[in-house]
Amino acid sequence: MLVKIHGTLAEGKDDYEATRGNWRINERRLPYIQYVVGVNHGKIVCAFLPKKWETIEEGGRRKKRFEGVEASVEILQKLRQKESKIVRKFKGQNPVRYLSLDELEEM
């Protein structure tokens with residue numbers, strides 16, 4: 001899962017807090033999300049492995065956020081090698097996009 005975090009970074013949050021949520025995502029996707037990748041103005045800045053998801057109420061909507069750990073340096077480097085192709089997924093205003101590992105390998 002790719003998330004735009006430039007707004008929350010501008011508020012002063014660190015990479016983890018900016019990336020972990022609060023996101024409107026389909027609960028059926030949760031078991032398949034292996035990494036959550038933070039994208040700041042078209043640059044991949046961080047990646048985390050979600051270990052646990054929780055639901056919060058924000059503005060009358062149910063949103064998700066995770067607790068997790070930082071992904072390995074190797075994973076972050078692999079993502080950054082394909083950064084230009086990955087960030088093309090962010091057309092439009094939606095702050096959340098999904099990318100399968102198969103799609104990543106094909107890039």
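Student: In this predicted model, does glycine 42 count as buried, partly exposed or exposed?
Tutor: Using a 1.4 Å probe on protein chains only, buried means under 20% relative accessible area and exposed means over 50%, with partly exposed in between. Glycine 42 has 31% relative accessibility, so it counts as partly exposed.

Student: Before we go on, what pLDDT do local features and side-chain atom pairs need here?
Tutor: Residues are numbered from 1 along each chain as its sequence is written, and side-chain values use heavy atoms, with hydrogens and water left out. Since the model is predicted, totals for chains, interfaces and linings use all residues, but side-chain atom pairs count only at pLDDT 80 or more and local features need at least 70.

Student: Where does glycine 42 lie, and which residues does it touch beyond four places in sequence?
Tutor: Helices (H or I, at least four residues) and strands (E, at least two) are DSSP runs numbered from the N terminus, and glycine 42 lies in the loop between β3 and β4. Contact means heavy atoms within 4.5 Å. Leaving out residues up to four places away, glycine 42 touches Glu83 and Val87.

Student: In what order do the strands of the sheet run, and which ones stand at the edges?
Tutor: Two strands pair if DSSP finds at least two bridges between them. Six strands form an open, mixed sheet in the order β2-β5-β4-β3-β1-β6. The end strands each have a single partner, so one side of each is left without a neighbour in the sheet; these edge strands are β2 and β6 (96–97).

Student: Over how many bridges do β4 and β5 pair?
Tutor: These two form a hairpin with two residues between them, and glycine 59 in the turn has a positive phi of about 60°. Leucine 49 has valine 69 in β5 as its bridge partner. The β4 and β5 pairing is antiparallel, and the number of bridges is 10.

Student: And which residue in β5 does tryptophan 23 stand opposite?
Tutor: Strand β2 (residues 21–23) pairs with strand β5 (residues 61–70) in the antiparallel sense, over two bridges. Beyond its neighbours within four places, tryptophan 23 is in contact with residues including Met1, Val3, Pro95 and Val96. Its opposite number in β5 is lysine 64.

Student: Is valine 73 buried or exposed?
Tutor: Valine 73 is found in helix α3 (residues 73–81). At 55% relative accessibility, valine 73 counts as exposed.

Student: At about what angle does α3 run to β4?
Tutor: Axes are lines fitted to C-alpha atoms, for helices over the stretch in contact, and angles run from 0 to 180 degrees between N-to-C directions. Helix α3 lies across β3 and β4, and its angle to β4 is about 110°.
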